Each structure stands twice: as structure tokens, then as C-alpha cells.
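Thanks for coming. I will take you through one structure today, part by part, and I will keep it short.

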Amino acid sequence: MPDIDTTAELEGGIARTRLGYAAIAEQLLAHRLAQPDLAPAGDNDKTALSQAFHRLAPVFALDHAAAAGEPPRAIIAVLAAGLVEAIQAGASRILLKSASGALMPLGNGSEAGDRSGRLAAEVAADGRARASSNLACAALTRQDGEIVGVLTLVDKRSGPFDEDDLVLAAGVGAYIAELAVTAGLLPWLAQGVRVVPRPALASAGDDAPAKAAILSRILAIALEILAADRGWILLYDPTMDELYTALSEGLGERELRIGAHDGIAGATFRTGELTNIPLAYQDPRFDPSIDWQIGYRTRNILCAPIFSADGQRLGVLQVVNKQHGSFDTADESHLRSLASQMGVTLDYTALFDQVLRMKSHNESMLRSLTNGVLTIDMRGEVTFANQAALATLRRSEGELLGQPLMKVFGEMNAWILEAIDEVANGRAEKQLPNSEFYIESLGEWVSANISLLPLLDSKQNAQGFMLVIENLEGERELRRTMSRYLSNEVIDRLMQDSGEALGGTAQTATTLFSDIRGFTTLSEQLGAAGTVSMLNEYFSYMEDVLTNRSGVIDKYVGDAIMAVFGLPFAAETDAQNSVQAACDMLQVLELLNTRRAAAGGGIIRIGVGIATGTVIAGNIGSPKRMDFTVIGDPVNLASRIESMTKLYGADILICAETRRRLTGTPKMRRIDVVRVRGQTRPTDVFEVLEHRAAAWTPALDKAIAIYEAGLDAYLAGDWTTAQERFEASLRLRGEDKAAELMVKRCQRYRATPPPDWDGVSI
């Protein structure tokens with residue numbers, strides 16, 4: 001990647017703005033939220049979001065930490081860690097200039113000799129931030145433009161460093177530069193008084209001009225009443241622990257910055273007491289460098305602290321050089337009164353700042369909502385619309401703001417205005433679920449849930465209304481997509497669920513496996529194209545049958561189908577639904593085979609195995625591909641039981657747990673006791689015969705009863721009795737592959753009894 005550098009925008013922007021921990025904390029958080037792992041279009045992982053807020057929390061607390069006396073060096077560490085988190089860099093390093101101009105790592109006594117050395121030296125020379133593929137460097141530039149070091153970042157996790165990263169790093173570097181001086185990390189640099197360019201207004205919505213006009217008027221009155229030559233209003237900057245001239249005479253577009261504990265102003269601020277110095281140069285607290293920097297001669301000084309209503313020190317009001325003589329007690333009284341008036345003014349402007357911030361914060365929250373939001377004043381005109389509302393109404397902001405609501409929605413939607421009138425009269429919110437409104441310009445109907453809320457002041461007087469539009473078009477599209485895979489009942493539950501159902505859970509479910517018998521031979525007869533056509537036709541029929549019984553197709557494996565009943569939400573009827581679905585599959589298969597036979601196609605035969613038990617369900621796979629599926633012993637058991645259908649000549653086999661959970665009484669028989677591979681405990685296996693109910697006879701009932709009696713004797717080791725009953729059942733039923741198998745086993749065991757018989761042959 002080519003090197004990136006930044007020039008004027010850094011020098012004229014971040015380096016010249018007033019420093020504030022809250023501002024840089026917001027910038028760091030905004031930058032972090034824009035990273036790929038947390039971007040709105042990404043997966044928005046909840047754990048990563050929580051970690052980001054946790055790691056940036058110390059930056060948001062820096063205002064309080066500084067006020068509580070947190071050492072500047074500790075604050076530097078917090079800012080550096082916050083920058084690493086915001087940019088998602090691997091690490092950061094701070095290099096400070098020594099008296100000789102060499103860059104020395106903070107906390108290390110050797111010169112910077114690693115891979116960042118060359119790039120850092122270039123940045124330190126001209127102050128322009130630069131980046132290579134895995135390295136970024138930004139200058140540590142004080143507000144007066146002096147470069148005191150370099151901040152380096154390495155190994156960004158999501159790709160190369162970009163210009164936004166450099167701008168943010170330069171902004172943080174401005175803070176670290178000032179803190180390094182305050183912390184005494186640059187002993188070669190004199191602290192003293194500084195005269196720097198006055199920062200520009202923060203924004204067009206700032207109330208600084210109004211505040212400056214009021215303060216300027218008070219300062220002018222002070223100079224006139226006290227007959228002083230010049231005056232300064234110095235306010236406290238807790239970020240830098242300095243006093244700066246918010247308004248001054250004789251400094252032009254510059255501002256004076258002094259330590260909050262330095263000089264006469266610092267002493268007044270620190271003690272909270274008025275200071276009257278008749279001979280400035282004879283007072284050891286006076287710093288003559290102020291005069292040297294601004295080209296002035298101070299003779300006498302009167303300085304009063306400025307307090308807020310709650311007694312907090314905000315700064316000082318200082319006037320100098322009384323025209324005739326020195327300042328007296330009457331002057332002191334006047335200055336105290338004027339300083340008190342300034343405290344009131346600053347309180348009001350601070351409150352106004354807070355209101356503006358709250359307004360901006362609330363509007364930002366509303367703009368970020370996925371639901372459309374409109375606010376309407378008492379005249380019925382739109383005063384605010386977020387992006388979601390603009391998208392839903394297909395309008396631009398200019399087409400909505402200031403427009404009557406009737407004009408926005410049109411006469412076709414007059415019911416919305418009627419609903420607002422009801423809210424206005426009742427002072428209570430109104431819900432309008434599953435509503436539709438018409439967009440005349442496009443000739444479209446929009447489905448939405450609409451909520452109307454009154455906006456009340458502290459005295460419960462109506463100030464307007466808020467209209468919230470939840471667009472249902474996306475939900476309907478999602479339903480159409482999901483209906484290809486899930487039943488309507490499951491979709492309804494998923495739409496209501498918080499999403500936890502798709503995470504990893506252990507729950508009881510019923511698994512169904514089906515397989516086409518003789519598929520290899522059939523596919524050879526049909527050829528490749530015929531096989532694909534046959535499978536698509538067969539799967540289409542079977543999918544409808546399974547989803548109609550609340551089953552979820554888990555996967556197709558060749559010619560096999562795996563379906564699950566009870567996911568993502570379990571029900572008491574899951575086992576019953578699975579058995580009914582299996583019977584439906586065989587009945588529908590007869591219709592399909594009739595159709596295929598008429599077209600000259602081959603006959604399809606299937607076997608079905610069903611098992612119930614506790615499975616683990618969730619999104620399983622790699623980050624690039626995941627499937628919502630189930631794993632566990634019941635899944636393996638269902639697959640093994642399905643493979644046994646060929647052995648017993650059965651169409652449907654189920655396990656004992658599935659049989660126990662049936663809510664109905666389908667026709668079936670216990671066919672054997674088996675122990676499948678991978679499991680230690682045996683299980684009863686039942687053959688479901690309900691799909692043959694149309695051809696049922698009393699002889700079949702008798703044959704089943706005799707077979708189950710023979711199975712009881714077989715399990716008890718009475719081979720002779722068992723063989724007799726199996727043969728009797730075979731005579732009644734005719735073709736019974738299971739009875740034939742059991743007769744052969746009894747003959748074998750009569751000749752050679754098995755040791756330690758537990759009733760299990762498989």
C-alpha cells in the first residue's frame with residue numbers, strides 16, 4: 001500500500017480545536033463502531049460490542065479522573081489504549097523528543113531503533129501523519145504547533161491503516177502532547193505561560209457568540225467602572241489543568257494559557273479569594289513572561305474568582321493598570337459583583353450547552369432507529385424525520401420538514417390524522433398494528449405497525465406528537481423466504497423469539513431419516529439427468545408432507561432426507577407429528593409411483609427411521625458457512641433404525657422413546673430389541689403399520705398379537721415356544737420378513753444357545 005499522509009486538515013483542524021476528554025471519547029467510540037466487526041452491515045457480534053464499550057469506558061471517565069487528580073502519565077496510557085481499541089491496532093508506542101532532538105520511547109532509555117524509526121523521524125520533522133501497510137505514525141503536536149514526539153501504531157487487524165485512522169491518531173496525539181508537558185516528561189521544554197491561536201467555534205449550533213457578547217459587555221462595564229486599562233476573563237480547562245482567556249483586551253485572535261496554579265490568576269483561582277496587587281513586579285507570584293509575550297507593562301492587578309451557583313470555581317476575572325493610582329476596596333466590591341454576574345452567565349450558558357447536547361443526543365438516537373420516526377408539532381407540521389421514515393415514505397428530508405401531516409400522507413390516509421386527534425384528546429399513546437397506508441406519488445400500499453405518542457412537557461402539557469412506523473415489508477419478505485424451509489407455525493414462533501432459539505441449546509426433539517431403497521440400481525437405470533429429475537420430484541413431494549406436520553428439513557444427503565420435529569421450538573406433539581408424517585410420506589409415495597408408472601418411470605421404495613431424545617441444536621459450521629442442525633445419540637439412532645428397515649422388511653421403524661411420547665394409538669407392533677453401534681443400552685424397536693390401515697383385517701391383529709407373544713418368549717430364552725409363535729404369525733400374515741428372520745434365529749439358538757443371553761441379537 002502507498003504511504004498515506006495528512007497535512008493541512010490536521011494542522012488547521014484537530015490541532016487547533018479546544019481539547020476535551022468527552023469529545024475525544026466520542027470520536028474514539030464512533031471510530032470503533034465503524035470498524036468492520038461492528039459495522040451495521042456486518043454480523044454485529046454482541047460479545048465484540050460489549051468488549052469495545054468496556055475497553056473505551058476509561059476514556060469516557062477521564063473528565064472525572066482528571067478532576068480527582070489522576071496523574072497525567074496515567075491519562076496518557078488510557079488514551080493510548082483507547083486509540084488502539086478504536087482503530088483495532090495491535091499495539092501503540094509513544095516516542096518523545098529529547099533535548100538533542102532524538103526520539104526516545106516512553107518508559108525506555110534507548111533511542112527508537114525498530115521498524116518505526118525511519119517513518120517516525122519523517123513525521124517528527126514535518127508533522128504530517130503517515131502510514132504504510134502495517135505501521136502508522138502521527139505527530140504529538142501541542143496547540144501552539146510545537147512537535148514534541150510521535151505516536152506509532154502497528155498491525156491493524158482489519159487491513160491497512162487509512163486516512164481516518166491517521167486523523168484520529170493525530171487528534172489523540174494533541175492530547176498526549178499537552179499531557180506529556182504537564183507530566184514533566186519533557187524537562188527540556190519550559191512550562192510557563194503560553195500564547196496560542198484562539199480556537200475556532202466548535203460548530204454552527206454553538207452558543208459561543210451569544211456567550212461572548214454577554215461576557216464582553218460585562219468586561220467592558222468592569223473596565224469602565226474600575227477605570228482599568230485592560231481586562232481578561234480566564235476560564236478553567238480541566239482537561240489541561242489550565243486557565244485560558246475566554247475574552248481579553250489586547251490579545252486579538254490569540255489566547256493566553258497559564259497553569260491553573262501559576263501566577264496571580266492561578267493563585268486567585270486556587271484559593272478562591274480576591275487578589276489585589278498594587279505593584280505587580282514586586283509580587284513574587286507575578287510572572288513577567290506574560291508581559292514579554294504580549295508586549296505590555298503591568299503595573300497593578302485586581303483579580304476575582306468566578307463561582308458557579310453551586311460554588312464550583314469556573315475561572316477568574318482580572319483587570320490591570322488602573323488609570324489613576326491603585327485599585328481600592330470599592331473597586332474590589334465592584335469586581336466581586338461583576339464576577340458573580342459572570343458566574344450566573346456561565347451557568348446559564350452551560351445549561352444551554354447541556355440542553356443542546358441532549359437535543360443532539362436524542363436526535364442521534366432517533367436517527368439510528370430502524371423504525372421510522374416523525375415528530376409533529378401542535379400545528380400538525382413535521383419537525384423531525386429519521387432516515388428510516390424517509391425510506392418508508394419515499395421522501396427526502398426537504399420534502400417532509402415543515403410540511404403539514406395531511407400533505408405528507410394525503411387524503412387517502414386521513415385516518416392517521418383522526419388517530420392523532422384521539423391521542424391529543426386522551427393524552428395516551430395509540431397502537432395501530434398491521435395497518436396499511438397509501439403513497440399516492442408511487443401508487444403503492446405500505447404495510448406497517450404504527451404507534452402514536454403524545455410529547456408532553458414537565459407540566460403534562462402537549463407539545464406535539466411522535467409517529468413511529470415499523471415497516472413490515474421486510475418481515476413479509478423474510479416470511480416468504482423462510483416458508484421455503486419451515487412451517488408457518490415455526491415461522492411465527494421464530495418471528496416472536498429474541499433469536500436465542502438459533503443459538504446452541506440442548507433440548508428434546510424427534511429425528512426422522514428416510515432413504516430410497518435400491519437407489520444405486522435405480523440411478524443406473526435412469527442416468528444422470530433422470531436421477532436428478534426423479535430426486536427433485538420426490539423431494540418436492542416429501543418436503544410438503546414434512547413441513548405440513550411441523551417438521552423442519554435439516555438436510556438432503558444424496559437420496560436421504562433428515563428432518564427434525566421440535567426445533568427450534570419443542571411441542572408435546574413432536575413424536576406424534578413425526579409418525580404421522582412418515583405415514584403420509586408412504587401414502588403420498590403411492591400416488592407418486594402411480595404417476596411415475598403411467599409415465600413409464602421406475603417405482604420408488606423408501607424406509608423411514610425415527611428416534612426421540614435430547615439433542616444439541618444450533619448454528620454449526622465454519623465462519624464462512626454455517627447450518628442450523630442437530631447432533632447427538634438420537635440422531636445416530638434414527639439413522640441406524642432406518643437402515644434396519646431393509647433387514648425386517650418394514651417401512652417405518654421407531655424407537656421406544658418415540659413410542660412412549662405418542663399422543664395417539666397408531667397400529668404398530670414391537671418388532672425386536674436392538675443395541676445399535678455406538679450405544680451401550682438396548683432399545684425396543686417398533687414397526688408402524690398405520691399407513692396400511694385401509695387394508696387391515698382381524699387376521700392381522702391376531703398375527704401381531706402372536707408375533708409379540710413370540711418376541712416375549714424369544715427375549716426370555718424360550719426358543720422352542722418363540723419359534724412356534726413366530727411360525728404361527730407367519731402363517732396368518734403370509735409374507736412377513738421379520739417373522740421369517742426370528743424363526744431362523746430361534747432355530748440357530750436352539751442348536752447353539754448363546755452365552756449370557758440378554759435378548760439382543762443386533
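Predicted model: local features only at pLDDT ≥ 70, side-chain atom pairs only at ≥ 80, totals over all residues.

**A walk through the model**

Thr511 belongs to strand β19, which covers residues 505–516. What is Thr511 in contact with, leaving aside its neighbours within four places in sequence? The list is Met562, Ala563, Gly609, Ile610, Ala611, Pro634, Val635 and Ala638.

In soluble globular proteins, nonpolar side chains tend to be buried together. Here the largest nonpolar core has 41 residues, and the members that touch the most others are Leu28, Leu79, Leu83 and Leu153. Two or more residues each come from α2 (21–33), α3 (46–60), α5 (72–87), β2 (91–97), β4 (129–131), β5 (135–141), β6 (147–154) and α7 (163–182). Which element gives the most to this core? That is α7, with 11 residues.

Take Leu153 as an example. Not counting residues up to four places away in sequence, Leu153 touches Leu83, Val84, Ile87, Ala89, Ala91, Ser92, Asn134, Leu135, Ala136, Phe161 and Ala169. Another core, of 36 residues, lies apart from this one, and its members include Ala509, Val615, Leu637 and Val685.

Now the strands around β2. Strand β2 pairs with β6 in the antiparallel sense, over six bridges, and Leu95 has Val150 in β6 as its bridge partner. Strand β2 also pairs with β3, residues 103–105, again antiparallel, over three bridges. There, Leu96 is partnered by Met104 in β3. The two strands β2 and β3 form a hairpin with five residues between them, and Gly101 in the turn has a positive phi of about 95 degrees.

Is β12 mostly covered or mostly open? It is mostly covered, since six of its seven residues are buried. Strand β11, residues 275–277, pairs with β12 in the antiparallel sense over three bridges, with Cys303 in β12 as the bridge partner of Thr275. Strand β13, residues 313–322, runs antiparallel to β12 and is joined to it by seven bridges. The hairpin of β12 and β13 has five residues between the strands, and Gly311 takes a positive phi near 90 degrees.

On to an open sheet. Five strands make it up, in the order β15-β14-β18-β17-β16, with antiparallel pairing. At the edges stand β15 (382–385) and β16 (430–439), each with a single partner strand, so one side of each is left without a neighbour in the sheet. On average, neighbouring strands of this sheet are turned by 30 degrees against each other, direction ignored. Within it, β17 (residues 444–456) and β18 (residues 462–471) run antiparallel and are joined by nine bridges. Leu455 stands opposite Gly464 in β18.

Last, a pair of helices. The axes of α20 (residues 633–648) and α24 (residues 737–751) come within 8 Å and cross at roughly 80 degrees. That makes α20 roughly perpendicular to α24. In this contact, Lys646, Leu647 and Tyr648 of α20 meet Lys737, Ala738, Leu741 and Arg745 of α24. By type, the residues of the contact are four nonpolar, no polar and three charged.

That is the end of the tour.

Conventions
Residues numbered from 1 in each chain as written. Heavy atoms only, no water. Core = buried A, V, L, I, M, F, W, Y, C linked by side-chain atoms within 4.5 Å. Buried < 20%, exposed > 50% of the residue type's maximum accessible area, 1.4 Å probe, protein only. Helix = DSSP H or I, 4+ residues; strand = E, 2+ residues; numbered from the N terminus. Contact = heavy atoms within 4.5 Å. Pairing = 2+ DSSP bridges. Axes fitted to C-alpha atoms, helices over the stretch in contact; angles between N-to-C directions. Parallel < 35°, antiparallel > 145°, perpendicular 65-115°, else oblique. Nonpolar A, V, L, I, M, F, W, Y, C, P; charged D, E, K, R; others polar.
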